[in-house]
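This report describes the strands, aromatic contacts and pockets of a single model. Please consult the sequence and structure shown here while reading.

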Amino acid sequence: IKQMKKLISFDVDMTLLDHADYTIPKSALKAIELLKKAGNIVAVATGRDMANHHGKPIADIINPDAMIELNGTKVTIGEKTLYRHYFDKGLLRRLADFCMKKGYAIGVTIGDDDYYFNQKIIDSYDRKYWGGSFRNFKNPEDLFSMDIGTLAYVGEIEGAYDIEKNFSELKCPAFAAVHGADIIERGNSKAEGLKRLCDYYGINLADTVAFGDSYNDIEIISEAGIGVAMGNAIEELKNAADFITDEVGKDGVYNACVRLGLI
């Protein structure tokens, strides 16, 4: 019996990309190659913008058929943009005013440029966690004349909860390392991006497999046909998953594909 082709999506950071050495394990690339060879569609589903200088080299290595980027606010297939959602400008202004008053750092990195409110906070976090400051700060007011999908919050996680509490239109899933969060307009998620790809390719949601490790993966892991949590995933994601594999650095992606009979 010929197996139905599946749509298989992978988060990038700490799912495909191991932060221990900032490489994608050879076994994960092998799995992707075999999945494609078997006629499956391989997508990445990430909070990143894969078009910028941080994302593009990774996208080139993975070479996916499709990409769900910026937590579902951008869905692309090759050069084609299937879906794009831009942050509401009025909401952005209210959020910026709120964060300036509260002393919260929010903003976005576009290409090589960093547009953030309360840049001093970003600076001190970078020094604390990355050992230096490498930002190319621009005037954050420029954001009001730009098209942006999602924002980032940098700081103690309580600040992200405070934003969520005061803005019902927003959700702020924490980064895995928890010193920050994505800021996403409700109605957008990696899960919604996956559904858009299913519609495009004519694949049932039941025939999807999603891999992830963090808070912004909970929806897609819950809604995909099979949700796979990495061994290094947060507890909440493991609880939502159908299957828990090994850690990213211990061939987690490859092993799951074998055990699930995908390759």
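## Aromatic pairs and charges over rings

Rings of Phe, Tyr and Trp (its six-membered ring) are taken as a pair if their centres lie within 6.5 Å; planes under 30 degrees apart count as stacked, over 60 as edge-to-face and the rest as tilted. Ring pairs of this kind join Phe98, Tyr104, Tyr153 and Phe167 into a cluster. The model is a predicted one, in which local features need pLDDT of at least 70 and side-chain atom pairs count only at pLDDT 80 or more, while totals for chains, interfaces and linings use all residues. Residues are numbered from 1 along each chain as its sequence is written, and side-chain values use heavy atoms, with hydrogens and water left out.

The structure holds 7 aromatic pairs. In the pair of Phe98 and Tyr104 the ring centres are 6.2 Å apart and the planes stand at 55°, so this pair is tilted. Phe98 and Tyr104 are both buried (buried means under 20% relative accessible area, exposed over 50%, partly exposed in between, with a 1.4 Å probe and protein chains only). Two arginines sit over rings, by the criterion that NZ of Lys or CZ of Arg is within 6 Å of the ring centre and within 35 degrees of the ring normal. Arg93 lies over the face of Phe144, 3.8 Å from the ring centre, and the charged end of Arg196 is placed over Tyr83, 3.4 Å from the centre of the ring.

Helices (H or I, at least four residues) and strands (E, at least two) are DSSP runs numbered from the N terminus, and two strands pair if DSSP finds at least two bridges between them. Strand 4 (residues 74-77) pairs in the antiparallel sense with strand 3 (residues 66-69) over 3 bridges, and with strand 5 (residues 80-84), also antiparallel, over 4 bridges. Thr76 has Met67 opposite it and Thr81 as its bridge partner in strand 5. Ile77 stands opposite Lys80 in strand 5.

In a regular strand the side chains alternate between the two faces of the sheet. From strand 4, Lys74 and Thr76 point one way, whereas Val75 and Ile77 point the other way, and all are buried.

## Positive phi in the loops

Most residues other than glycine have a negative phi. The hairpin of strand 3 and strand 4 has 4 residues between the strands, and Leu70 there takes a positive phi near 45°. Asn71, in the loop between strand 3 and strand 4, has a positive phi of about 55° although it is not a glycine. Asn71 is buried, with a relative accessible area of 1%.

The hairpin of strand 4 and strand 5 has 2 residues between the strands, and here Gly78 takes a positive phi near 60°. Asn118 lies in the loop between strand 7 and helix 4; its phi is positive, about 60°, although it is not a glycine. Asn118 is partly exposed, with a relative accessible area of 22%.

An open sheet is formed by 6 strands in the order 8-7-6-9-11-10, with mixed pairing. Its edge strands are strand 8 (137-138) and strand 10 (170-171), each of which pairs on one side only. Strand 9 and strand 11 (residues 180-185) run antiparallel and are joined by 4 bridges. Ala152 stands opposite Asp182 in strand 11.

## Pockets

On a 1 Å grid over the protein atoms alone, a pocket is an open set of points where a 1.4 Å probe fits, with protein on both sides within 12 Å along at least five of seven lines; lining residues have an atom within 4 Å of a point. Grid points are joined across faces, edges and corners, and a volume is the space filled by probe spheres set on the points. Of its 49 lining residues, the closest to the centre are Asp13, Arg48, Trp130, Arg135 and Phe175. Strand 6 (105-110), strand 7 (113-117), helix 4 (119-130) and strand 9 (151-154) are the elements that give two or more residues to this lining, and helix 4 provides the largest share, 5 residues. The lining divides into 21 nonpolar, 15 polar and 13 charged residues (Ala, Val, Leu, Ile, Met, Phe, Trp, Tyr, Cys and Pro count as nonpolar, Asp, Glu, Lys and Arg as charged, and the others, Gly among them, as polar).

The second largest pocket has a volume of about 310 Å³. Of the 17 residues that line the second largest pocket, Lys56, Ala59, Met67, Gly78 and Glu79 are the closest to its centre. Helix 2 (56-62), strand 3 and strand 4 each supply at least two residues of this lining.
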